[in-house]
Amino acid sequence: LDKRGYRKVANEAPLNEVLAAGILLLSGWTPAQPLVDPMAGSGTFGIEAALIGTRTPPGMHRTFAFQRWNEYDANLFEKVRYGLSRTIRDTGLKIYSRDILGRNMDIISQNAEKAGMDEYLSIRKEDFFESSPKEPGGVVVINPPYGERLQMTDIELFYKRMGDTLK
């Protein structure tokens, strides 16, 4: 059940969906607050925030291995899925998924569409170091590049610049 079924394309080191959801829940973020992911990669934080904010059950739009079992009761499954779908609500979520890499815009869009959450994400190419606050009172979540993904000589300077930008 940890597989959400929406990730069509992933980047080099995608954030696990369950970990992203857990981070969001522990962060204190609420759907009434804006959420900004300035290094969105494949869009996991934004998509998970949209799922949480709309109360969409995990795996709502995926198939499961048990659906191929001989004893599988398709009518019962659809009845349960329908009941769960009634918990979904449309909200005024403000989720900003940004990334410096243009190719990630398509990845985020495809994954958000597969999750049925594309209407809740504002996706745009943007350099974190040249960005500004989207609006007051929001929460920022970042899964910054690290290790070999970073491919830079001065990692300390990179993280210092991140801190300075957030200040």
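Buried means under 20% relative accessible area and exposed over 50%, with partly exposed in between (1.4 Å probe, protein chains only). The structure is a predicted model, in which local features need pLDDT of at least 70 and side-chain atom pairs count only at pLDDT 80 or more, while totals for chains, interfaces and linings use all residues. Residues are numbered from 1 along each chain as its sequence is written, and side-chain values use heavy atoms, with hydrogens and water left out.

**View 1. Salt bridges that share partners join K160, D164 and K167 into one network.** A salt bridge is a side-chain nitrogen of Lys or Arg within 4 Å of a carboxyl oxygen of Asp or Glu, and by this rule the count comes to four. In one of them K160 pairs with D164, the closest N and O atoms being 2.8 Å apart. Because K160 and D164 are four residues apart in helix α6 (residues 155–166), about one helical turn separates them; helices (H or I, at least four residues) and strands (E, at least two) are DSSP runs, numbered from the N terminus. D164, partly exposed at a relative accessible area of 37%, also meets the side chain of K167 in a salt bridge (3.4 Å, N to O). K167 counts as exposed, with 79% relative accessibility.

View 2. The closest N and O atoms of K94 and E135 are 3.3 Å apart. K94 counts as partly exposed at 40% relative accessibility, and E135 counts as partly exposed at 27%.

**View 3. Helix α2 is mostly covered, with nine of its ten residues buried.** The buried residues are T44, F45, G46, I47, E48, A49, A50, L51 and G53. What covers them includes α1, β1, β2 (95–99), α4 and β3 (121–125). A50 touches L93, I95, M117, Y120 and L121, not counting residues up to four places away in sequence, where contact means heavy atoms within 4.5 Å. After the helix comes R55, whose phi is positive, near 60 degrees.

**View 4. The largest nonpolar core has 23 residues.** A nonpolar core is a set of buried Ala, Val, Leu, Ile, Met, Phe, Trp, Tyr and Cys residues joined through side-chain atoms within 4.5 Å. The members that touch the most others are L35, I47, A50, I95, M117 and L121. Two or more residues are given to this core by each of α1 (17–27), α2 and α4 (102–115), and the largest share, five residues, comes from α2.

**View 5. Ring pairs link F64, F66, W69, Y72 and F77 into a cluster.** Rings of Phe, Tyr and Trp (its six-membered ring) pair if their centres lie within 6.5 Å, and planes under 30 degrees apart count as stacked, over 60 as edge-to-face and the rest as tilted. A search of the whole structure finds nine aromatic pairs. The rings of F64 and F66 are stacked, because their centres are 5.4 Å apart and their planes stand at 15 degrees. F64 is buried, with a relative accessible area of 12%, while F66 is partly exposed at 29%.

**View 6. F158 and Y159 form an edge-to-face aromatic pair.** The distance is 5.4 Å centre to centre, with 75 degrees between the planes. F158 is buried at a relative accessible area of 9%, whereas Y159 counts as partly exposed at 31% relative accessibility.

View 7. Leaving aside its neighbours within four places in sequence, A40 is in contact with S97, R98, D99 and I108. The C-alpha atoms of A40 and P144, which are 104 residues apart along the chain, are separated by 8.8 Å. Beyond its neighbours within four places in sequence, E126 is in contact with R98, D99, I100, S131 and K134.
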